[in-house]
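Welcome! Please take a moment to look over the sequence and the 3D structure below, and then read on for a short tour of a few residues.

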Amino acid sequence: MFIGHYSVSLLAKSRDKSIPLWVLFLAVQLVDVLWAIFIFAGLEKVRIVHGFTATNPLDLYYMPYTHSLLGSVFWAIAAFLLYLPLRKRSGYGKFVAPLIVGGAVLSHWFLDLVVHVPDLALYDNTLKMGFGLWNYPIVALLLELGLVFFGLVAYMRATRPVSSVGTYGMPMLMLLVAALQIHVFFGPDPSGPSAMALTAIASYFAIAAAAGWLERKRV
Ligand SMILES: [Zn+2]
């Protein structure tokens with residue numbers, strides 16, 4: 001899953017405004033950012049097999065550290081502990097914002113579970129699962145767009161713009177990411193694992209940076 005993950009960021013922000021949006025945007029994709037780094041480093045493996053699923057050619061045959069449930073729990077706890085000393089005053093208890101950030105990290109695995117073919121392990125490289133919506137492009141796309149639309153509405157209702165950029169910025173960003181998603185689903189195969197990993201990292205950071213900038217246009 002790609003754009004659908006951001007529904008969790010937007011929804012979380014609408015509930016606890018003390019957490020910077022860029023933190024939430026990176027948190028929901030932390031597992032994928034690490035995956036891209038691990039692919040680049042050769043620690044996790046992917047094969048590009050044309051037609052492997054109806055929406056993308058990724059044979060994700062080895063990713064025990066990032067996309068196993070146990071691995072995801074580990075990264076969620078790490079994010080919780082990292083955010084604990086960094087949190088801002090929120091009016092909630094001191095563990096609430098770090099728990100939301102950790103929960104955002106963990107949400108990645110469960111949303112991926114819906115679309116991935118069985119390549120998500122429970123632990124290590126065993127007991128793999130995935131409901132396989134990637135083989136139903138229109139359904140998968142509608143699900144991702146529906147999720148992010150739901151999050152966007154929650155965020156827009158919980159905040160108000162301080163400029164015209166604030167009014168249109170976030171919906172425009174999400175439209176851009178949706179276009180990227182459609183390109184991934186229906187465009188050409190990536191040229192190779194390393195190129196794909198680099199593009200992924202660049203995209204995740206660029207999207208989080210854009211969200212962080214746009215956040216200041218709404219209060
Ligand atoms: Zn993922």
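Leu 127 is found in strand β4. Keep in mind that this model is predicted. The notes below begin with Leu 127, then turn to Asp 124 in a loop and to Ile 48 in another strand, β1.

- The phi angle of Leu 127 is near 50°, which is a positive value in a residue that is not glycine.
- Leu 127 counts as exposed because 12 other C-beta atoms lie within 10 Å, and the cut-off for exposed is 12 or fewer.

**Asp 124 in a loop**
- Where does Asp 124 sit? You can find Asp 124 in the loop that runs between β3 (120-123) and β4 (126-129).
- Asp 124 also has a positive phi, near 50°, and is a residue other than glycine.
- Is Asp 124 buried or exposed? Asp 124 is exposed, because there are 12 C-beta neighbours inside 10 Å.

**Ile 48 in strand β1**
- Ile 48 belongs to strand β1, which covers residues 45-48.
- With 16 other C-beta atoms within 10 Å, Ile 48 is partly exposed, because that class lies between the exposed limit of 12 or fewer and the buried limit of 20 or more.
- Leaving aside residues up to four places away in sequence, Ile 48 touches Pro 57, Leu 58, Asp 189, Pro 190, Gly 192 and Pro 193.
- In sequence, Ile 48 and Asp 59 are 11 residues apart, while in space their C-alpha atoms are 6.1 Å apart.

How values were computed. Residues numbered from 1 in each chain as written. Predicted model: local features only at pLDDT ≥ 70, side-chain atom pairs only at ≥ 80, totals over all residues. Helix = DSSP H or I, 4+ residues; strand = E, 2+ residues; numbered from the N terminus. Contact = placed C-beta atoms within 7 Å.
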